[in-house]
Amino acid sequence: MSELNVAVLGGGSWGTTVAALTTRNAPVTIWARNPATVDEINNAHRNQTYLPDAVLPESLRATNDIGEAVANADVVVMGIPSQNFRSVLLEVKKHLRAWVPVVSLTKGLELDTRMRMTEIISEILPGHPVGVLTGPNLAREIMAGQAAASVIAMNDGTIVRALQKIFKSGLFRVYTNPDVIGCELGGVLKNIIAIAVGMGDGQGAGDNTRAALITRGLAEVTRLGVAMGGRAETFAGLAGMGDMIATCTSAQSRNRHVGIQLGKGKTMEQIADEMFMVAEGAKSAPAVMALAEQYGIDMPIARDVFRVVTGETNARGAYRGLLRTAAGAESEPG
Ligand SMILES: NC(=O)C1=CN([C@@H]2O[C@H](COP(=O)(O)OP(=O)(O)OC[C@H]3O[C@@H](n4cnc5c(N)ncnc54)[C@H](O)[C@@H]3O)[C@@H](O)[C@H]2O)C=CC1
Ligand SMILES: O=C(CO)COP(=O)(O)O
């Protein structure tokens with residue numbers, strides 16, 4: 001058992017799962033804003049809303065007081081959706097000791113600024129080591145005891161190895177990677193492709209279509225990721241292709257679910273009304289398109305998803321558009 005105190009912020013599906021996994025290696029306090037969630041984790045060792053079938057470790061402590069969670073923390077783990085990430089981090093700053101590493105679990109971009117979560121951490125908490133834990137990691141499956149692999153990405157080779165020990169366990173294999181930008185963008189950008197795949201699946205598209213979308217989707221994600229400073233090989237790894245496959249094919253993915261509902265003809269408003277969990281791809285799509293324009297990268301699949309989630313066209317129209325586009329060389333966009 002490590003001596004490092006870990007604070008996990010965010011009592012949703014993934015924050016709770018990472019907190020539960022980490023109790024095997026270190027003392028963990030999870031902060032949730034909802035007092036009923038805190039009470040349920042502390043007393044019933046469950047989080048029924050987000051992880052219906054899971055029993056949580058008794059050693060996992062929950063609190064409603066962000067200061068209590070953060071003040072003694074040696075590592076802070078952020079499991080907060082991208083559009084609320086900054087406001088929670090500003091609260092963290094009031095209580096955090098110097099040089100404590102901050103790890104993001106979040107797979108989205110801030111809409112107004114187009115910033116990655118690690119950029120926001122560095123802006124608000126300069127000097128703190130910053131990392132990302134990412135990969136093909138569907139929360140409910142991991143809580144059900146299925147094996148999974150993940151990546152902890154950080155620039156600092158010494159701290160990353162200490163963090164690797166905190167997160168890994170028998171069934172949760174954690175690799176290190178120095179490419180923070182690539183790992184982070186792999187997690188962000190695959191969500192949009194998963195919506196595209198869902199849109200096809202919702203319209204009854206076949207397995208060949210799904211494979212084509214995933215492959216062409218990964219190509220355009222890689223082009224933008226490399227232009228933004230990520231390494232091409234990262235997008236062929238767990239944080240890139242691995243997460244792309246898991247999210248684009250899983251019945252558990254919220255992003256693919258959004259796509260399926262769009263494919264069946266529902267509007268974003270109708271889908272959002274029926275969902276209480278976050279689907280980061282729909283939120284981040286405008287920021288991704290703005291970045292694609294800024295870096296001069298053509299992203300036809302992401303653009304179609306953007307046009308559907310913003311109501312400019314519907315899934316059927318987007319699908320027809322995709323078929324109309326003439327194909328060039330495989331190494332080119334389109
Ligand atoms: N669920 C999964 O399988 C995985 C999710 N992720 C990423 O983790 C991040 C969090 O996702 P989930 O936990 O799945 O979402 P979720 O929808 O299950 O839960 C989100 C949680 O954040 C809390 N929250 C939202 N705004 C807040 C605020 N201002 N202050 C405090 N708490 C706030 C909500 O109350 C809720 O507990 C997302 O970026 C997601 O892409 C990454 C890997 C796997
Ligand atoms: O990132 C995830 C799996 O790695 C979770 O995907 P969804 O947010 O689409 O459920």
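View 1. The protein chain splits into domain 1 (6-178) and domain 2 (182-324), with bounds that come from an automatic or database domain assignment. This is a predicted model, in which local features need pLDDT of at least 70 and side-chain atom pairs count only at pLDDT 80 or more, while totals for chains, interfaces and linings use all residues. Residues are numbered from 1 along each chain as its sequence is written, and chains are lettered from A and ligands numbered from 1 in the order in which they are written. Taken over C-alpha atoms, the centres of the two domains are 25 Å apart. Contact here means that the C-beta atoms of two residues, placed from the backbone, lie within 7 Å; by that rule, 26 residues of domain 1 are in contact with 26 residues of domain 2. On the domain 1 side, α4 (82-93), α5, β6, α6 (139-143), β7 and β8 each supply at least two residues. Helices (H or I, at least four residues) and strands (E, at least two) are DSSP runs, numbered from the N terminus. The largest share of that side, 4 residues, belongs to β7. Its residues divide into 11 nonpolar, 10 polar and 5 charged, where Ala, Val, Leu, Ile, Met, Phe, Trp, Tyr, Cys and Pro count as nonpolar, Asp, Glu, Lys and Arg as charged, and the others, Gly among them, as polar.

View 2. Take a look at β1 (residues 6-9) and β4 (residues 75-78), which pair in the parallel sense over 4 bridges, with Leu-9 opposite Met-78.

**View 3. Three annotated positions in one place.** UniProt (unreviewed entry) places the feature "binding site" at Lys-107, Arg-254 and Asn-255. These residues span 149 residues in sequence, yet no two of their C-alpha atoms are more than 12.3 Å apart, so they gather at one spot. UniProt positions follow the numbering used here, feature names are shortened, and annotations may be inferred rather than shown by experiment.

View 4. Lys-107 lies in the loop between β5 (102-104) and α5 (117-124), while Asn-255 is found in helix α11 (residues 254-263). Lys-107 counts as buried because it has 28 C-beta neighbours inside 10 Å; the cut-off for buried is 20 or more other C-beta atoms within 10 Å of a residue's own, with C-beta atoms placed from the backbone. Asn-255 counts as buried too, with 26 such neighbours inside 10 Å. Leaving aside neighbours within four places in sequence, the contacts of Lys-107 include Asn-191 and Glu-280. With residues up to four places away likewise not counted, Asn-255 touches residues including Asn-191 and Glu-280.

Key. A residue is buried if 20 or more other C-beta atoms lie within 10 Å of its own, exposed if 12 or fewer, and partly exposed in between; C-beta atoms are placed from the backbone. Two strands pair if DSSP finds at least two bridges between them.
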